[in-house]
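Hi there,

Here is the structure I promised to pass along.

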Amino acid sequence: MRVISGEKKGIGLKAVPGKNTRPTTDKVKESIFNMLGQYFESGIVLDLFAGSGGLGIEALSRGMQRGIFIDRDAQAIAAIQENLKRTDLIPYAEVYRRDYMQALRTLKRREIRFDLVLLDPPYKDGVIEKIMHILMHYNLIQFGGRVVAEHHKNMSLPKKIGYFQQVKMENYGICSVQIYERIMGNEE
C-alpha cells in the first residue's frame, strides 16, 4: 500500500494488522480517484470506516485541505496515526476512535460540512444506504459534494438516495464502487 499520486506520492502506508480490516487495493484506490477527477482545489474529506486511512490520505495528498478519519478499531486508529506521521499530514487531520453513528452525531453538532465522504464499511454490514440517509438528514454534505461507496459487487444500491444521485459506478473483482453527488436538498 502506498500513496498513488499528489504531494505525498510514493510514500508507503502501514496496513492494519490482522484480518478484521480489508484494505482498498492500490488499483481500486487509483480508479476511485480517476473517477473523482484526480485532484482537488481544497475541501474537507471524511474517511468513515477508515481502516489504515489510505483513502483519506490519498485525498489529502491530492489537494483536500483537511481530513477527518473515523474507525472503531484500536489497531486501525494506530495505523492511521502512523500513516499520517509517515506522510507529514498530522496537522491536516483529526482521528477519532468511534462507532459510525456516534461519529456522525458528533459531526452534526460541530456543524461540519464535507466535500467528500469515503464509505468502505465491512461488506457484511450493509449500512451504506442507511449512512447516506443520515448524512442527508444531518446535512453533512456540501451542495455538489460527493460520496464514494465501496461495497461487495453482489450488493445493490439505488441510483438515487435522497438528494444523492449516482454519477459513476465501476466493478473491480469482488468490489463495486459507486460515486454519488449531492444534487439538491434543503440547507438547514
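To start with strand E1 (residues 44–48): how many of its residues are buried? Five of its five are, so to speak, under cover in this predicted model. Ile44, Leu46 and Leu48 point one way from E1, while Val45 and Asp47 point the other way.

E1 also has a partner on each of two pairings. Five bridges join E1 to strand E2 (residues 66–71), and the two run parallel; here Asp47 stands opposite Phe69 of E2. Four bridges link E1 with strand E4 (residues 114–119), again in parallel, and Val45 sits opposite Leu116 of E4.

These strands belong to an open sheet of eight, in the order E3-E2-E1-E4-E5-E8-E7-E6, with mixed pairing. At the edges are E3 (93–97) and E6 (160–161), each pairing on one side only.

Now the helices. Helix H1 (residues 26–36) lies across E4, E5 (141–152), E7 (164–172) and E8 (175–182), at about 25° to E8. Helix H5 (residues 128–137) packs on the sheet too, touching E1, E4, E5, E6, E7 and E8, and its direction makes about 170° with that of E5.

H1 also packs with helix H2 (residues 54–61), at an angle of about 45° and with the axes 11 Å apart. The two helices are therefore oblique to each other, and their crossing is right-handed. Lys29, Ile32 and Phe33 of H1 meet Gly54, Leu55, Glu58 and Ala59 of H2. By class, that contact has four nonpolar, one polar and two charged residues.

Key
Residues numbered from 1 in each chain as written. Predicted model: local features only at pLDDT ≥ 70, side-chain atom pairs only at ≥ 80, totals over all residues. Heavy atoms only, no water. Axes fitted to C-alpha atoms, helices over the stretch in contact; angles between N-to-C directions. Parallel < 35°, antiparallel > 145°, perpendicular 65-115°, else oblique. Left-handed = near helix turned anticlockwise from the far one by under 90°. Contact = heavy atoms within 4.5 Å. Nonpolar A, V, L, I, M, F, W, Y, C, P; charged D, E, K, R; others polar. Buried < 20%, exposed > 50% of the residue type's maximum accessible area, 1.4 Å probe, protein only. Pairing = 2+ DSSP bridges.
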